[in-house]
Amino acid sequence: MYYTLTFHKRHRNLILGTYLSHVLKEGDAIKVKNRQRKLYTNSGSYWRHVVFEHPASFESIAMEADKKKEIMDDLITFSQAEEFYARIGRAWKRGYLLYGPPGTGKSTMIAAMANLLNYDIYDLELTSVKDNTELRKLLIETSSKSVIVIEDIDCSLDLTGQRKKKKEEQGRGDEKDPKLKLPKEETDSKQSQVTLSGLLNFIDGLWSACKGERLVVFTTNFFEKLDPALIRKGRMDKHIELSYCSFEAFKVLAKNYLRLETHHLYSKIQELLGETKMTPAEVAEHLMPKTLPGDSKVCLEGLIAGLEKAKEDARLKAEEEAREKGSSPEENAKEQGIENGLCDNGNTELNCKEKE
Ligand SMILES: Nc1ncnc2c1ncn2[C@@H]1O[C@H](COP(=O)(O)OP(=O)(O)OP(=O)(O)O)[C@@H](O)[C@H]1O
């Protein structure tokens with residue numbers, strides 16, 4: 001299909017200049033909006049893709065409303081900031097670090113981000129990338145309007161041969177502390193694997209040469225174990241904590257799962273959520289209707305029973321640990337709360353510090 005455009009020759013400059021470029025820009029935007037989005041995964045140094053159709057949205061994410069709005073505003077501002085990035089001479093990219101325990105919605109948040117901005121997703125499995133050269137190739141091949149995801153960054157760089165070699169040399173067996181093991185510098189070795197420095201250099205530097213907008217998202221379950229080089233200011237633009245389910249987050253889930261705005265059992269749930277750690281994934285599991293049509297009361301009662309059990313389990317665990325250590329269960333529970341970064345309201349310590 002085509003259109004014929006007729007105009008008076010005195011409008012020639014207007015049409016050939018402003019008007020046609022406007023039409024082309026709008027056409028591109030419509031094409032992007034209507035295109036089928038893709039989820040890419042790498043097998044070695046090649047990308048494969050499937051159609052990306054994840055239903056997650058910010059609306060369905062269980063999280064405090066102001067925090068959610070802040071993230072959405074940040075994403076939208078970024079996606080409209082082409083001129084700004086060009087003016088300040090920086091690559092049009094933004095780095096996010098999502099951290100929190102398993103089941104708090106990190107992957108769901110990534111899908112919601114891609115859906116909000118209409119981006120493709122590149123799910124980069126670092127452990128199957130042979131070395132920094134392969135990594136560079138993969139990253140250069142990513143297209144504009146994409147989210148590049150590196151999940152469990154603390155574990156991904158864990159498998160490098162260099163690190164194993166280094167560990168063997170040092171005779172160190174600590175599997176849990178990535179900081180001890182991440183090789184910061186590349187070596188000349190032919191078998192050199194992906195290194196933290198390789199990853200960071202690329203993300204910081206070379207990328208400027210790749211046109212278009214990209215989000216880079218790292219996730220981890222262990223924020224405190226990340227190498228400081230990865231989280232220093234200016235590297236990851238935004239750190240987002242996803243934490244245990246708060247009452248506000250529960251209300252979002254209940255609204256989505258059960259179409260409930262309020263219920264007389266809410267006060268009990270609020271009380272228990274203040275005392276017990278439960279991830280949004282676990283809460284959501286309880287809210288899954290077990291009968292058709294789903295009975296909300298049954299689900300909420302199931303959640304209360306689950307929370308009470310979790311509370312009791314935590315109490316018994318504290319008692320047992322106290323017995324082992326020879327301190328009182330209360331002291332032990334308190335200590336555990338601090339170790340787990342928990343404040344009274346179930347938020348993590350980091351979160352509380354930020355609020356202070
Ligand atoms: N904040 C949340 N809002 C809505 N649903 C959530 C949330 N967190 C978890 N869920 C639900 O729990 C399931 C698991 O969550 P998800 O995989 O996003 O967690 P995760 O933090 O990425 O976990 P992991 O660290 O194990 O990868 C999701 O399918 C989603 O339905």
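Q: In which hand, left-handed or right-handed, does α11 pass α13?
A: A crossing is called left-handed if the near helix is turned anticlockwise from the far one by less than a right angle, and right-handed if clockwise. Here α11 passes α13 in a right-handed crossing. The model is a predicted one, in which local features need pLDDT of at least 70 and side-chain atom pairs count only at pLDDT 80 or more, while totals for chains, interfaces and linings use all residues. Residues are numbered from 1 along each chain as its sequence is written.

Q: At roughly what angle do the axes of α11 and α13 cross?
A: Axes are lines fitted to C-alpha atoms, for helices over the stretch in contact, and angles run from 0 to 180 degrees between N-to-C directions; helices (H or I, at least four residues) are DSSP runs, numbered from the N terminus. The axes of α11 (residues 247–258) and α13 cross at roughly 35° and come within 10 Å.

Q: Which residues of α11 and α13 meet?
A: Two residues are in contact if their C-beta atoms, placed from the backbone, lie within 7 Å. On the α11 side these are A249, F250, L253, A254, Y257 and L258, and they meet P280, V283, A284 and L287 in α13. By class, this contact has ten nonpolar, no polar and no charged residues, where Ala, Val, Leu, Ile, Met, Phe, Trp, Tyr, Cys and Pro count as nonpolar, Asp, Glu, Lys and Arg as charged, and the others, Gly among them, as polar.

Q: How are α12 and α14 packed, at what angle and how far apart are their axes?
A: Helix α12 (residues 266–275) packs against α14 (residues 296–325) at about 25°, with the axes 10 Å apart. The two are therefore roughly parallel, a term for angles under 35 degrees. The crossing of α12 with α14 is left-handed, and the residues of their contact divide into seven nonpolar, no polar and four charged.

Q: How many residues surround the ligand, and which are the closest?
A: A residue is near a molecule if its C-beta atom, placed from the backbone, lies within 6 Å of it. The ligand is surrounded by 16 residues, of which P102, G105, T108, P280 and A281 are the closest. Helices α4 (106–117) and α13 (280–287) each supply at least two residues of this shell.

Q: Why does the ligand shell lie between two domains?
A: Domain bounds come from an automatic or database domain assignment. Domain 2 (36–241) and domain 3 (247–355) both give residues to the shell, so it lies between them.

How values were computed:
Angles under 35 degrees count as roughly parallel, over 145 as roughly antiparallel, 65 to 115 as roughly perpendicular and the rest as oblique.
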